[in-house]
Amino acid sequence: MPYTPRMYLSDNLASNVAVADWIRRAPKAVLHDHLDGGLRPATIIELARACGYAGLPTEEPGELAVWFRDAADSGSLERYLETFAHTCAVMQTRDALFRVAAECAEDLAADGVVYAEVRYAPEQHLAGGLTLDEVVGAVNEGFREGERRTDGRITVGTLLTGMRHTDRSLEIAELTVAHRDRGVAGFDIAGGEIGNPPARHLPAFQHLKRHNCHFTIHAGEAVGAESIHEAVQVCGAERIGHGVRITDDIAADGTPGHLAAYIRDNGIALEVCPTSNLQTGAAKDYASHPIDQLRRLGFRITLNTDNRLVSGTTMSEEFQHMADAFGYGPEVFEEFTVAAVEAAFLPLPERRRIIDEVVRPGYAAVRAAR
């Protein structure tokens with residue numbers, strides 16, 4: 001049976017956002033989506049039974065989805081990250097990784113996503129005896145299968161993530177370079193931001209630069225503008241994961257400081273994840289989320305899910321939240337989507353093709369139908 005948006009939303013039940021039909025139909029691009037934060041609840045339960053993992057709080061899919069969302073609604077990034085112990089526990093075999101990746105592609109495509117970069121930390125999937133190369137191979141094969149199942153409606157690249165609190169980032173950077181012609185689009189650093197500055201992993205970023213390989217860095221989520229400064233000016237990040245704390249360098253009258261102006265003027269994309277930001281305390285509510293101020297000041301904004309299961313969201317729901325909070329219509333979401341594809345870790349001709357042949361025509365159809 002083909003997977004449908006209604007089935008997807010049912011499997012990931014956590015919010016009751018009424019999403020407009022035109023938003024559902026609109027083409028979307030997501031640059032910040034964690035593989036281990038977006039599993040189908042039913043899949044987690046089945047994989048747990050298969051591998052003998054007994055740590056789940058419940059084995060009823062709807063209840064499990066709600067548990068993840070409730071556990072993440074703590075206002076603490078560290079508490080938010082604890083939820084991933086359950087998903088990673090069931091992602092330790094080739095078959096599990098293949099399945100999760102294929103279903104991820106299906107779910108994103110069912111929600112109107114035409115291009116996605118999905119990130120994960122290979123070092124977190126070695127408990128079952130897989131090597132790093134085998135982990136990457138299984139995930140890449142899963143995404144190719146997901147693309148096939150959706151008749152090519154979505155293109156998926158992966159970002160290999162090094163963890164801030166471990167010492168394997170250079171190894172993961174080397175893995176990224178080794179697999180970049182086989183589905184890996186780039187590199188990322190993630191995990192608890194407090195006490196784990198990005199410059200700690202400078203050798204990894206230097207290796208990536210020597211090999212002309214793309215990377216983004218989580219920064220400006222739990223730590224302020226100094227984290228963003230280090231990510232960009234010391235490490236050389238091409239994009240910033242989250243980045244909403246750049247507002248710390250914007251005066252009350254809207255005047256950007258030197259760092260904020262540099263980020264804006266150089267078009268360094270911010271991978272903004274509104275619902276996740278509310279959960280981790282980076283923003284108070286949708287209406288006061290800094291995304292609108294940043295957009296009006298001219299920052300390159302991309303809209304993202306972060307973790308679809310853990311945050312109980314979809315790209316369509318993120319769009320709807322922004323439409324409800326700021327009155328955004330198709331023109332603004334086209335702007336966000338084009339910005340995302342322009343910032344994608346893809347060759348320029350492919351970015352242009354997706355924009356000209358998929359995104360622009362898709363939004364033209366949305367406007368014509370309204």
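Which residue in β7 does G241 stand opposite? The views below come from a predicted model, and the first of them gives the reply.

**View 1. Strands β6 and β7 run side by side.** G241 stands opposite E271 in β7. Strand β6 covers residues 239-242, and strand β7 covers residues 269-272. Three bridges join the two strands, which run parallel. Strands of a sheet pair through backbone hydrogen bonds, either parallel or antiparallel.

**View 2. Eight strands form an open sheet.** Read the strands in order: β1-β2-β3-β4-β5-β6-β7-β8. The pairing is parallel. Which strands are at the edges? They are β1 (28-34) and β8 (301-303), and each pairs on one side only. Neighbouring strands of this sheet are turned against each other by 25 degrees on average, direction ignored.

**View 3. Strand β5 is enclosed.** The strand spans residues 215-219. Why is β5 described as largely enclosed by the rest of the structure? Five of its five residues are buried, so the rest of the structure largely encloses it. Buried here means under 20% relative accessible area. F215, I217 and A219 point one way from β5. T216 and H218 point the other way. The residues on both sides are all buried. Now look at the link to β4. Three bridges join β4 to β5, and the two strands run parallel. I189 has I217 in β5 as its bridge partner.

**View 4. The largest pocket has 21 lining residues.** About 300 Å³ of space lies in this pocket. Which residues lie nearest its centre? They are H34, L81, M163, A190 and G191. Two elements give two or more residues to the lining: α5 (77-82) and β3 (155-163). The largest share comes from α5, with three residues. By class, the lining of the largest pocket has eight nonpolar, 10 polar and three charged residues.

**View 5. The second largest pocket has 16 lining residues.** Its volume is about 240 Å³. R180, V184, A185, F345 and L346 are the closest to its centre. Helix α8 (132-149) gives two or more residues to the lining, as do strands β3 and β4 (184-190). Which element gives the most? Strand β3 does, with three residues. The lining of the second largest pocket divides into eight nonpolar, five polar and three charged residues.

**View 6. One cavity turns up in the whole structure.** A search finds one cavity of 30 Å³ or more. How is empty space found in general? Rolling a probe the size of a water molecule over the atoms shows where empty space is left. The largest cavity has a volume of about 40 Å³. Its lining is made of L35, G38, L39, R40, V100, E103, C104, D107 and R308. Sorted by class, that lining has four nonpolar, one polar and four charged residues.

**View 7. D151 has a positive phi.** The angle is about 55 degrees, although D151 is not a glycine. D151 is found in the loop between α8 and β3. Is D151 buried or exposed? D151 is exposed, because its relative accessible area is 70% and the cut-off for exposed is over 50%.

**View 8. D306 also has a positive phi.** Here the angle is about 70 degrees, and D306 is not a glycine. Where is D306 found? D306 sits in the loop between β8 and α15 (315-326). Its relative accessible area is 2%, so D306 is buried.

**View 9. H321 is a buried residue in a helix.** The helix is α15. With 12% relative accessibility, H321 counts as buried, because the cut-off is under 20%. Which residues does H321 contact, leaving aside its neighbours within four places in sequence? H321 is in contact with V17, T275 and Y286.

Technical notes:
Residues are numbered from 1 along each chain as its sequence is written. This is a predicted model: local features need pLDDT of at least 70, side-chain atom pairs count only at pLDDT 80 or more; totals for chains, interfaces and linings use all residues. Side-chain values use heavy atoms; hydrogens and water are left out. On a 1 Å grid over the protein atoms alone, a cavity is a set of points where a 1.4 Å probe fits but cannot get out, and a pocket is an open set with protein on both sides within 12 Å along at least five of seven lines; lining residues have an atom within 4 Å of a point. Grid points are joined across faces, edges and corners, and a volume is the space filled by probe spheres set on the points. Helices (H or I, at least four residues) and strands (E, at least two) are DSSP runs, numbered from the N terminus. Ala, Val, Leu, Ile, Met, Phe, Trp, Tyr, Cys and Pro count as nonpolar, Asp, Glu, Lys and Arg as charged, and the others, Gly among them, as polar. Two strands pair if DSSP finds at least two bridges between them. Axes are lines fitted to C-alpha atoms, for helices over the stretch in contact, and angles run from 0 to 180 degrees between N-to-C directions. Buried means under 20% relative accessible area, exposed over 50%, partly exposed in between (1.4 Å probe, protein chains only). Contact means heavy atoms within 4.5 Å.
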